[in-house]
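Keep the sequence and the 3D view open while reading.

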Amino acid sequence: MIALIRIILIGFFILLSSVVISLLCLLRPKNPKNTYIAALMYGRVAYFLGFKVSVIGNENIPKRNAIFVCNHQSNYDVFIATNAVIRNTVSVGKKSILYFPFFGLMYWLSGNILIDRSDKNKAINSLIFAQQKIKSKNLSLWFFPEGTRNYAKQLYLFKSGAFHLAYNTGVPIVPVCISLYYKKLNLNRINNGEIIIKYLPAVYVNKSAKESTKEVYLSMKDSILELEMSKN
């Protein structure tokens with residue numbers, strides 16, 4: 001019964017929030033402030049799901065813009081990871097998000113960047129567009145470099161797009177680790193425990209993107225394990 005109530009209320013929330021944010025976007029289209037407001041709204045849903053969310057490592061956030069790379073467990077990340085999204089940040093997501101009812105339109109109007117991974121040329125063009133945004137608008141970008149949900153089984157190998165952008169722009173990579181929550185989530189349970197989100201120290205991609213991708217992947221894999229051990 002609790003699960004059914006949660007699912008229904010979350011559905012209403014997505015519908016209403018999509019309408020509100022979309023209307024706001026009509027007043028100031030593609031403004032990153034819209035994305036931040038949406039992140040604040042969606043981040044509060046984590047508590048409705050029964051999670052206590054703690055964000056640590058804030059001292060590792062650069063004063064300038066950055067490229068944030070985060071592990072991706074499930075669709076619920078839209079309510080979890082948003083607790084760590086800072087101002088003037090937009091995310092880079094799959095083009096298929098656009099087809100999610102209500103949410104997809106809001107996501108696009110908010111100024112987030114969509115990538116068509118099925119077409120290499122279009123994907124490259126999207127990354128070039130993202131590079132221009134970083135430089136001209138002083139934006140930060142948020143990536144899920146695994147490219148798909150891992151359902152808390154293991155950290156999948158990273159795609160290197162974010163790291164090429166970091167190399168080309170000189171903007172640092174900030175790894176963001178979310179402790180494993182997906183297998184512990186029970187929508188029929190009032191309290192689903194604590195989720196820890198940790199910013200790791202910024203990494204400057206001064207060598208090849210491939211090497212930096214592997215380096216950040218390994219550091220995040222170790223840090224996620226450490227977060228789990230710290231909760232036990």
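In this predicted model, the side chain of Asn112 reaches the backbone oxygen of Tyr107 at 3.0 Å. A polar atom of the Asn112 side chain also lies 2.8 Å from the backbone nitrogen of Ser91.

- Asn112 sits in the loop that runs between helix 5 (103-109) and strand 4 (113-115).
- Is Asn112 buried or exposed? Asn112 counts as buried because its relative accessible area is 8%, and the cut-off for buried is under 20%.
- Leaving aside residues up to four places away in sequence, Asn112 touches Thr35, Val90, Ser91 and Tyr107.
- Two of these contacts, Ser91 and Tyr107, are also the residues whose backbone atoms pair with the Asn112 side chain, Ser91 through its nitrogen and Tyr107 through its oxygen.

**The largest pocket**

- The volume of the largest pocket is about 1000 Å³.
- Its lining is made up of 41 residues, and those nearest the centre are Asn75, Val78, Ile97, Phe103 and Tyr107.
- Helix 1 (2-27), helix 2 (32-43), helix 4 (77-80), strand 3 (89-94) and helix 5 each give two or more residues to this lining.
- Which element gives the largest share of the lining? Strand 3 does, with 6 residues.
- Sorted by class, the lining holds 22 nonpolar, 15 polar and 4 charged residues.

**Where the two topics meet**

- Tyr107 is among the residues nearest the centre of the largest pocket, and Tyr107 is also touched by Asn112.

Terms used: Residues numbered from 1 in each chain as written. Predicted model: local features only at pLDDT ≥ 70, side-chain atom pairs only at ≥ 80, totals over all residues. Heavy atoms only, no water. Helix = DSSP H or I, 4+ residues; strand = E, 2+ residues; numbered from the N terminus. Buried < 20%, exposed > 50% of the residue type's maximum accessible area, 1.4 Å probe, protein only. Polar contact = N/O pair within 3.5 Å; in protein donor to acceptor, adjacent residues only side chain to side chain. Contact = heavy atoms within 4.5 Å. 1 Å grid on protein atoms, 1.4 Å probe; cavity = no way out; pocket = protein on both sides within 12 Å on 5 of 7 lines; lining within 4 Å. Points joined across faces, edges and corners; volume = space filled by probe spheres on them. Nonpolar A, V, L, I, M, F, W, Y, C, P; charged D, E, K, R; others polar.
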